[in-house]
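Dear colleague,

I am handing over the structure below, and my notes on it follow. Please read them alongside the coordinates.

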Amino acid sequence: MSRYRSARCSQNSFERRMRSQDSLGLAGLKAIFVVLLLGVLALPSSVLAQTPLDDPVELGKKLYGENCAVCHGLDGQGRVGARLAKNWPSLRPDRAIASIIANGIPGSAMPAWSQAKGGPLRDEEIEAIVAYILTWESGGPRVLPPTPTPVPRPPLTPPPDVKGDPNRGALLYDQNCAVCHGANLEGRVGATLAKNWPSIRPDQSLRNVIANGIEGSAMPAWSQANGGPLSEAEIDDLVAFILSQAKPVESFRPTPTPPFQPSWLSGWGGVVLTVVLFLLIVSGALIYQARSNRGKPLGP
Ligand code: HEC
Ligand code: HEC
């Protein structure tokens, strides 16, 4: 009896458990349904419209067409604005371009686009445009030749009238420039830098080249303003170093012209020649005298 009751009892509790599990399952289903519904309602319209703008290049293309093509041309060939379909002379072209877009170019028609500067574009939108612009770069990845081992240098004295420190410049040179310009500035991929700088203010022209690079060549722009790694002070140091390595200018000093003196007349050769000449003349005179004496009629 007690066994039977306990069996019924356990059956009851089993049914009760089943029922409660049932209602739990229903509640779960309902919850899932609500979440799904909310999710669908909350989906951004762009996804529903099937535009895959999570690809930055696609987004950049769209934004470029809306904002930039008017001045730079749909294909980046340039119109009112500069040509953008090119190879950028910068070690970090992405940073350089992003900075230009964000800040604009003062004094030109190129406006600032970042919201920080009162423009319409968010930072990630600017990055997307940069990604799109960089698809126009040709030439693939930039491969640098291996760096030559740095040469130990004696302490350098700064050239006159130059702000930077050539010793710090030497270190910066080894780290950044030797790879292309050679350990001794003799030139490798890049031009030789051990030369005289034909400029009234060589420090300024050097600064300018280092900061901005040389467009259309492998010489990148190094200033932070151009997306490069070097501060203004570091560029000054480099300028001081390069100028300290310039070949000394050979000033033109007129030397007195030596008097003309054929080498065979100098030294013993000259003495012998003079003696020989003297003997020739004397013997010639003697022969002449002897002949003319012979031709004279003898006697009165
Ligand atoms: C109203 C015309 C105009 C619009 C719109 C415009 N730009 Fe410019 N942009 C210019 C001009 C002009 C220059 C060249 C300025 C100079 O160097 O004097 C320039 C220069 C640039 C440069 C530098 C080029 C170089 O060789 O250094 C970049 C990068 C650039 N624009 C990107 C953009 C992007 C991206 C947009 C759209 C978000 C845009 N621009 C919209 C006029 C415009
Ligand atoms: C990836 C290679 C490369 C690197 C790295 C490089 N340069 Fe250059 N550099 C060049 C090339 C190539 C030229 C010649 C460009 C031309 O005239 O067409 C050049 C030219 C120059 C010139 C102008 C030379 C002249 O006769 O007018 C200077 C100055 C210069 N580089 C300095 C530097 C300095 C300083 C560094 C390091 C911060 C550096 N370069 C790093 C490749 C490089």
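Which residues have the most contacts inside the largest nonpolar core? This is a predicted model, in which local features need pLDDT of at least 70 and side-chain atom pairs count only at pLDDT 80 or more, while totals for chains, interfaces and linings use all residues. Residues are numbered from 1 along each chain as its sequence is written, and chains are lettered from A and ligands numbered from 1 in the order in which they are written.

The residues in question are Ile97, Ile101, Ile129, Val130, Leu238, Val239 and Ile242, within a core of 34 residues (a set of buried Ala, Val, Leu, Ile, Met, Phe, Trp, Tyr and Cys residues joined through C-beta atoms within 7 Å; buried means 20 or more other C-beta atoms within 10 Å, exposed 12 or fewer, partly exposed in between, with C-beta atoms placed from the backbone). The largest share of this core, seven residues, comes from α10 (helices are DSSP runs of H or I, at least four residues, numbered from the N terminus). Both domain 1 (56-134) and domain 2 (166-244) give at least three residues to this core, the bounds coming from an automatic or database domain assignment.

Leaving aside neighbours within four places in sequence, Ile129 is in contact with Gly60, Leu63, Tyr64 and Ile101 (C-beta atoms within 7 Å).

Leu91, in the loop between α4 and α5, is partly exposed because 19 other C-beta atoms lie within 10 Å. The C-alpha atoms of Leu91 and Pro229 are separated by 8.0 Å, although these residues are 138 apart along the chain.

Best regards

Technical notes. Helices (H or I, at least four residues) and strands (E, at least two) are DSSP runs, numbered from the N terminus. Two residues are in contact if their C-beta atoms, placed from the backbone, lie within 7 Å.
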